[in-house]
Amino acid sequence: MSVNLNQTNIDLDDPNFRSVFANLQGNILKGHGRDYARHVFFCLGSDEVANRQWIWQMSEKVTSMLEQGQQHQAFKLQGKHDHLFVNLMLSASGYRKLGILREQWPDDPAFLAGMKDLDQRYDTSPRGDHKPTANPLNDDLSQWESDFSQDLDGMLILALSGPLAEAEKALTDLVAEVAQSLDGIGHIAVVQHGHVMRNDKQQVIEHFGFVDGVSNPKFLFSELTEEYRNGGYSNNDPSAPLNLVMVPDPGGDHASFGTYVVYRKLQQNIKGFWQRADMLANTLSENADRKISAEYAGALCVGRFQDGTPISEQSGDGWTNLFNNFNFDDDAEGLKCPLHAHVRKTNPRGDTVRQFNSPPTIERSRRIVRRGISFGETERHPAQEWTEAGLLFLSFQASIVDQFIFMQHTWCNSEKFLHEDVGLDPLVGQLKATEVPKPQSWSKGWGSPTAEQVSFSFSGVVRMKGGEYFFMPSLHFLKNL
Ligand code: HEM
């Protein structure tokens, strides 16, 4: 039976999808939910047969979507999350070293070029009317950690939950096993350690302290039902068709699908973020009726308060209408949520439809599936700037060029997003190393058309330390090498 990838609201138990889900890697349609992870980046050697055998051996450990669903059921019954979760992905250099026939390679141009090839030009303009630019992400390779500067042929995600010490020991042992199995074939290039951080309410947060992983495209009936209970869809439809994230795997059979992966190690300057938020708050408070807090200034940058409350909905935290049923229709000018705010640039929820008169399906097709995890020290108020802390950003999408690169380049990095002079996304917008960001404009009064606007430059709190583009193939491909 052929699979219609336009479908959404998929039931994991639907027999029509059984062979597809047995063949699809887990984590794509639903996050694996484990608290601790190792990202094991590996380099293969020059012996294609040995390389293929090793990948084939590793494929035995990979968790399919079907298994992930079964493990989740067991977790709900037994209340423990003790299963190891494994993903396996390959870069273009990995495909080369496996000696795979060219017609079996995934063909996204960014995947084929790799993240380090800054000369590639991709057409990422909103209406296809700009000349494609080189280095659309404005990456600066001189800032990258040396481990990421070599050819990384693939990456394994090993993830576990459970008591910290036990999970960490088990993951360390697993990485040692992987290293041993690679002996004489290739080597491990670098291992990144990820861990979920939580606030007092046990919600997942990132290092600046904001609840994270709230808004993601939803494919499954179970997740859509949960989202419906958490506030409904009247102002925002979180559902997404499978083709937002799944593409046919050219190396597999008719029931084989994979996804493209963007991996970016993003270091966060926690002290610097809150210092700037404090300065912005002081600037906004000058000659104003009320004192503006750093918490409010931080929410202007993110578009949500630390507890997840969208600033487009109210001027303080504590929104109970959980969390995602909102859009910017009543705030087209950005008087409540600035047009440059991180969540507005990364999901404009209708802004580009209004501005460019383009169909909503185009804006919605830019969405990405975020599966990142924090790394580094858990200190929420570090004494130093640029501590070893940040986000191991990981996104899945059907097209790296039309989704991730478009989002980072045309929305986050563009100072002309929607209008002239909107400015950078204060969290992750970056310009070329030689360019100086223009200040963004910030309102002194929430929602007030007459309130004074002040200029303040907020950027440079996140640094890109390295990454790569991958393809996460079907199990059919991995097991038939
Ligand atoms: C949402 C933080 C990097 C894309 C969010 C949220 C936070 C956040 C706090 C709001 C909560 C949520 O909806 O999950 C960060 C931090 C980053 C980072 C601290 C870097 C260290 C990125 C990058 C991209 C991105 C590089 C892509 C270019 C998104 C998207 C959303 C989001 C698509 C959901 C927006 C929505 O649907 O409302 N991020 N983010 N983020 N972020 Fe980021």
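Me: What makes the radius of gyration of this chain agree with a compact globule?

Reply: The chain has 481 residues, and a compact globule of that length would have a radius of gyration near 23 Å. The chain has 22 Å, so the two agree. The model is a predicted one. Along the principal axes, the C-alpha atoms fill a box of roughly 70 × 50 × 45 Å. Buried residues make up 56% of the chain. Its secondary structure comes to 14 helices and 16 strands.

Me: What makes His342 a donor of the iron atom of the ligand?

Reply: A donor is an N, O or S atom within 2.8 Å of the metal. NE2 of His342 is at 2.1 Å, and it is the only protein donor of the iron. His342 has its place in helix H10.

Me: Which residues come nearest to the ligand, and what is the make-up of the shell by class?

Reply: There are 25 residues around the ligand, and Val214, Ser215, His342, Arg349 and Arg370 come nearest. By class, the shell has 13 nonpolar, seven polar and five charged residues.

Me: Why is Thr309 called buried?

Reply: Buried means under 20% relative accessible area. Thr309 has 0%, so it is buried. Thr309 lies in the loop between helix H9 (294-302) and H10. A polar contact of 2.7 Å joins its side chain to that of Asp307.

Me: What makes strand E2 mostly covered?

Reply: Six of the six residues of E2 (residues 85-90) are buried. Phe85, Asn87 and Met89 point one way, Val86, Leu88 and Leu90 the other way, and all are buried.

Me: How do you know that E2 and E5 pair, and in which sense?

Reply: Pairing needs at least two bridges between the strands. E2 and E5 (residues 154-160) have six bridges, in the antiparallel sense.

Me: Asn135 and Asn357 both sit in loops. Why does Asn135 count as buried?

Reply: The buried cut-off is under 20%. Asn135 has 12% relative accessibility, so it counts as buried. Its loop runs between strand E4 (133-134) and E5. Phi of Asn135 is near 45 degrees, a positive value in a residue other than glycine.

Me: Why is Asn357 called exposed?

Reply: Exposed means over 50%. Asn357 has 71% relative accessibility, so it counts as exposed. Asn357 is in the loop between helix H11 (351-356) and helix H12 (360-365). Its phi is positive too, about 55 degrees, although Asn357 is not a glycine.

Conventions
Residues numbered from 1 in each chain as written. Predicted model: local features only at pLDDT ≥ 70, side-chain atom pairs only at ≥ 80, totals over all residues. Heavy atoms only, no water. Near = heavy atom within 4 Å. Nonpolar A, V, L, I, M, F, W, Y, C, P; charged D, E, K, R; others polar. Donors = N, O, S within 2.8 Å, 3.2 Å for Na, K, Ca; no water. Helix = DSSP H or I, 4+ residues; strand = E, 2+ residues; numbered from the N terminus. Buried < 20%, exposed > 50% of the residue type's maximum accessible area, 1.4 Å probe, protein only. Rg over C-alpha atoms; globule rule 2.2 N^0.38 Å. Polar contact = N/O pair within 3.5 Å; in protein donor to acceptor, adjacent residues only side chain to side chain.
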